[in-house]
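Please read it with the structure open beside you.

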Amino acid sequence: MRVLVTRPAAQAREWVERLRAHGYDAAALPLIGIEPAADAQALRDAWAALGTRQLVVFVSPNAVEQFFALRPAGTAWPEQTRAASPGPGTTRILLQLGVPRGCLVEPAADAAQFDSESLWAELAPLPWQGARVLVVRGDGGRDWLVERLRGAGAEVQTLAAYRRAPPRPDAVERALLDAALAAPQAALWWFSSSEAIDHLSA
């Protein structure tokens, strides 16, 4: 049975490589496209003010990659600014892009799941009254963590670093999709987003 990984292209490729390394027949079939945010200036402004933030929350690897794509040349991550990650995938990208390990806040390694709730369990004990927090995400998304931080007294700003869009499959991906739909019993679809399911239906 072939495993079809429907995550955005960059994450899909990574998971396909890991699954194949364990002997699975895996293929990438991205069902969510990732595009740069419409307002690139807002990201540049956020970099300029980064040192004034007590915390920057990155909701996903895509948020990290798109935010750092506009990092000014020679700019290092400020030591006084924490970077928060909901899970190991986002953490790995942050470390690769030069965020010091000591600046990172993330869920415990044995957390039941990697999400905003598990991240909040680590953030909640810290003092947030009057703290300036930036949440880097896509266009839209859950406000649960934003509400928790504001409830604790933080001044929270959200920043759209990318846009989610319907996929634009190439010829190989189109053939893969057609084959999977023609023989549904031969494929295991791996969904990590309801949005991907909506795009498949469309």
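1. Terms first. Two strands pair if DSSP finds at least two bridges between them. Helices (H or I, at least four residues) and strands (E, at least two) are DSSP runs, numbered from the N terminus. With that settled, strand β1 (residues 2–5) pairs with β9 in the parallel sense, over four bridges. R2 has A187 as its bridge partner in β9.

2. Ground rules. This is a predicted model: local features need pLDDT of at least 70, side-chain atom pairs count only at pLDDT 80 or more, and totals for chains, interfaces and linings use all residues. Residues are numbered from 1 along each chain as its sequence is written, and side-chain values use heavy atoms, with hydrogens and water left out.

3. Confidence. pLDDT is the predictor's confidence in each residue, from 0 to 100. The chain has a mean pLDDT of 93, and 100% of its residues reach 70 or more. Among the elements, strand β4 (residues 55–58) has the highest mean, 98. The lowest, 88, belongs to strand β3 (residues 33–36).

4. The three-stranded sheet. This open sheet has the order β2-β1-β9, with parallel pairing. β2 (26–28) and β9 (187–190) are the edge strands, each with a single partner, so one side of each has no neighbour in the sheet. Neighbouring strands here are turned by 25 degrees against each other on average, direction ignored.

5. Helices on that sheet. Axes are lines fitted to C-alpha atoms, for helices over the stretch in contact, and angles run from 0 to 180 degrees between N-to-C directions. Contact means heavy atoms within 4.5 Å. Helix α1 (residues 9–21) lies across β1, β2 and β9 and runs at about 170 degrees to β2. Helix α7 (residues 171–182) touches β1, β2 and β9 as well. The direction of α7 makes about 120 degrees with that of β9.

6. A residue to check: A26, in strand β2. Is A26 buried or exposed? Buried means under 20% relative accessible area, exposed over 50%, partly exposed in between (1.4 Å probe, protein chains only). A26 has a relative accessible area of 1%, so A26 is buried. Leaving out residues up to four places away in sequence, A26 touches V3, V16, L19 and R20.

7. The six-stranded sheet. The order is β3-β8-β7-β4-β5-β6; this sheet is open and its pairing is mixed. β3 runs antiparallel to strand β8 (residues 155–165), joined by four bridges. One of the bridge pairs sets I34 against R164 in β8. Helix α6 (residues 144–151) packs on the sheet, touching β4, β7 (132–138) and β8, and its direction makes about 170 degrees with that of β8.

8. Strand β4. Three bridges join β4 to strand β5 (residues 82–84), and the two run parallel. L55 stands opposite R82 in β5. Look at the side chains: L55 and V57 point one way, V56 and F58 the other, and all are buried.

9. α2 against α3. Helix α2 (residues 40–48) and helix α3 (residues 61–68) pack at about 85 degrees, with axes 10 Å apart. Angles under 35 degrees count as roughly parallel, over 145 as roughly antiparallel, 65 to 115 as roughly perpendicular and the rest as oblique. α2 is therefore roughly perpendicular to α3. L43, A46 and W47 of α2 meet Q66, F67 and F68 of α3. By class the contact has five nonpolar residues, one polar and no charged. Here Ala, Val, Leu, Ile, Met, Phe, Trp, Tyr, Cys and Pro count as nonpolar, Asp, Glu, Lys and Arg as charged, and the others, Gly among them, as polar.

10. α3 against α4. The axes of α3 and helix α4 (residues 88–96) come within 8 Å and cross at roughly 20 degrees. The two are therefore roughly parallel. P61, V64, E65 and F68 of α3 make the contact with G89, T90, I93 and L94 of α4. The classes are five nonpolar, two polar and one charged.

11. Two loop residues. S60 lies in the loop between β4 and α3. At 12% relative accessibility, S60 counts as buried. G74, in the loop between α3 and β5, counts as exposed at 84%.
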